[in-house]
Amino acid sequence: MRKSAAFFIFFLILYLCHFRFAYAKVYIDIDSPSFKKFPIAVTHFGNLGEAVDREGISKEIYEVLTQDLEVSGLFNLIDPSYLLKTPEDSESGSKDRINFRDWSLIGAEALIKGNFFCNGQIIEIEAKLYDIFRGHFVMGKRYVGKRKDIRRIIHRFTDEVLFSFTGERGVFDTKIAFVSDRLGNNEIYTMDFDGYNATKITDHKSIVLSPSWSTKGKRIAFTSYKRGNPDIYIKDLATSRESRISHHKGLNIAPAWSPDGERLAVTLSKDGNPEIYVIDKHGNELKRLTNHWGIDVSAAWSPDGKKIAFVSDRSGKRNIYIMDSQGDKVRRLTFEVNYSDSPDWSLKEERIVFSSLNDGYFDIYTVNSDGYNLKRLTSNSGNNEDPSWSPDGRYIAFTSTRDKNRSVYIMRADGSGLRRLEAFDGDQFNISWSPRFW
Amino acid sequence: MFKRLSINFLVIVLMLSLSFCLSSCGKDAVKEDALYEEVIPLVPEEPEILPGEVSEQEKALTEEQLREEALAEQREIEEAARREAQMKEEFENVDVHFDFDQFSLTVEAREVLAKKASWLLDHPDINVEIEGHCDERGTNEYNLALGERRAYTAKKYLVAAGVETKRIPTISYGEERPLDTDYNETAWAKNRRAHLRILSD
């Protein structure tokens with residue numbers, strides 16, 4: 001409760017100061033086959049306060065910045081220590097005077113520099129991006145927040161840096177929801193996209209499963225056995241209020257928010273068999289979508305809300321099917337692979353990520369929504385399951401048992417740039433990547 | 001006193017009607033008649049000897065006897081409870097097992113269910129919850145659905161065998177309550193089950 005309140009206060013006190021509009025030019029075409037990593041240099045931010053930087057704020061800023069740029073996979077980081085003079089020397093005096101030639105000599109084509117001012121719990125950070133090659137200022141932001149908001153501030157700035165380079169904001173200020181049994185029973189947690197700031201969201205001391213972020217990231221729907229039966233709950237993250245919206249006899253599971261944020265596709269067995277229904281956010285049934293003697297579960301909406309991918313065993317083994325949002329035009333999506341599960345539809349393109357059991361282990365695959373262009377992204381590394389797209393469609397979060405216990409990892413959409421996000425005890429599973437919060 | 005008289009009267013009436021019935025059935029039934037005389041005294045006998053008349057030794061002996069009887073009775077109750085618990089445990093310990101990703105009943109599963117059905121028919125006062133469980137492979141969501149199909153299939157068999165549907169509610173726990181947490185086929189086979197849990201009243 002406090003945390004979410006603080007979260008909003010942070011937004012209130014945070015104000016963005018545009019020095020100049022970002023250049024419309026797109027520096028990096030990430031879809032181009034000739035894509036090369038862009039050489040960028042990052043300086044340690046200067047301390048404008050009188051006190052010595054005992055807490056290592058400069059170091060923290062540098063670490064978060066370079067981590068985010070690294071994760072993006074778009075940049076080649078140039079070590080600023082290659083400069084003949086220290087960055088501070090060459091930039092002393094006027095803040096905006098950059099010795100572009102010096103930076104150019106060590107191969108940097110872009111530069112990020114900035115400074116901060118810490119006053120008790122309040123921190124002010126100013127960060128700027130320069131085009132070394134063309135010799136001009138590109139974009140700058142000033143942030144005010146609490147001391148603990150430093151990571152978020154830098155994530156947001158890096159989001160802007162990515163926008164300057166690619167024309168699309170990054171996803172560094174997003175969160176990942178998951179279930180963990182580290183305390184003995186399943187509870188839902190959220191953490192930053194880089195694994196920091198893990199926060200327990202539920203306290204049901206029961207079986208809690210399947211978190212699903214609402215379209216604007218304000219709510220999480222999930223399944224819980226809190227009252228004995230698997231029922232669907234919605235938690236409002238700002239108020240911490242929870243409501244049990246679906247509690248029919250039998251299963252009330254696998255909630256998935258529609259892109260308009262008004263409805264949820266869920267699996268209910270109230271009519272005797274697990275079928276997919278669309279309900280409103282108060283739990284009222286709007287439409288039954290499937291009608292089959294087998295299992296129909298794990299609905300995933302297409303970004304336009306017109307189609308739904310789901311899992312069914314109607315052909316004997318579990319496989320992924322697609323239907324329209326009225327439950328018609330059902331077709332099977334996966335043929336080449338066995339036991340396919342947990343589809344998630346990219347928000348960016350007609351591509352579906354899923355897990356599939358082959359040779360005794362689950363691995364992550366992607367496929368076009370027309371069934372073509374199947375790609376296997378993981379192999380020979382334990383079980384890889386629960387994939388969830390990042391809101392920009394460039395990353396996939398998933399769980400893997402490659403390092404013994406089941407943990408959360410992210411990788412790029414092509415399977416490169418693998419990172420383990422946390423090192424919790426127990427098992428982590430049921431991943432849901434948040435939308436952008438701003 | 002009045003109560004006793006009325007009971008005695010009732011006993012006499014019963015005996016008369018019984019002897020009437022038996023005599024009309026034939027002479028062979030006389031032995032049966034005698035047997036009934038032993039069974040009838042349901043009212044506990046008043047002690048014939050007054051307490052004051054009992055010697056101390058006898059009294060001690062009686063008390064000891066009584067204690068032993070009470071103990072024996074207690075043991076018998078405990079034994080009965082133990083047998084009951086054992087019977088329930090034996091009932092609960094045997095699960096109905098399934099193949100991977102399947103909810104259809106195997107020959108073995110049907111054999112187990114047949115035994116469960118007759119036990120349930122023999123114990124009409126006992127209700128059970130059918131829990132559907134899965135091994136850990138696949139998503140929790142799919143396994144919740146699969147677990148429910150397993151519980152339903154087991155229920156359908158029991159209902160067909162004559163068990164009242166309201167006596168056997170179902171719930172699915174998917175892969176959330178494994179019996180064996182190892183990652184191998186032996187563990188998975190144990191975990192793919194319909195478990196019949198006796199409901200306390």
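The backbone nitrogen of Tyr196(A) lies 3.3 Å from a polar atom of the Asp194(A) side chain. The model is predicted: local features need pLDDT of at least 70, side-chain atom pairs count only at pLDDT 80 or more, and totals for chains, interfaces and linings use all residues. Residues are numbered from 1 along each chain as its sequence is written, and side-chain values use heavy atoms, with hydrogens and water left out.

Asp194(A) is buried, at a relative accessible area of 6%; buried means under 20%, exposed over 50%, and partly exposed in between (1.4 Å probe, protein chains only). Leaving aside residues up to four places away in sequence, Asp194(A) touches Gln67(A), Arg151(A), His155(A) and Leu421(A), where contact means heavy atoms within 4.5 Å.

Arg151(A) also lies over the face of Tyr196(A), 3.3 Å from the ring centre. A charge sits over a ring if NZ of Lys or CZ of Arg is within 6 Å of the ring centre and within 35 degrees of the ring normal.

Rings of Phe, Tyr and Trp (its six-membered ring) pair if their centres lie within 6.5 Å; planes under 30 degrees apart count as stacked, over 60 as edge-to-face and the rest as tilted. The count is 19 aromatic pairs over all chains, including these:

| Pair | Centre distance | Plane angle | Class |
|---|---|---|---|
| Phe100(A), Tyr130(A) | 6.2 Å | 65° | edge-to-face |
| Tyr361(A), Tyr183(B) | 6.1 Å | 20° | stacked |

Phe100(A) and Tyr130(A) are both buried. Tyr361(A) is partly exposed, with a relative accessible area of 39%, and Tyr183(B) is partly exposed at 34%.

Methods. Chains lettered and ligands numbered in written order. Polar contact = N/O pair within 3.5 Å; in protein donor to acceptor, adjacent residues only side chain to side chain.
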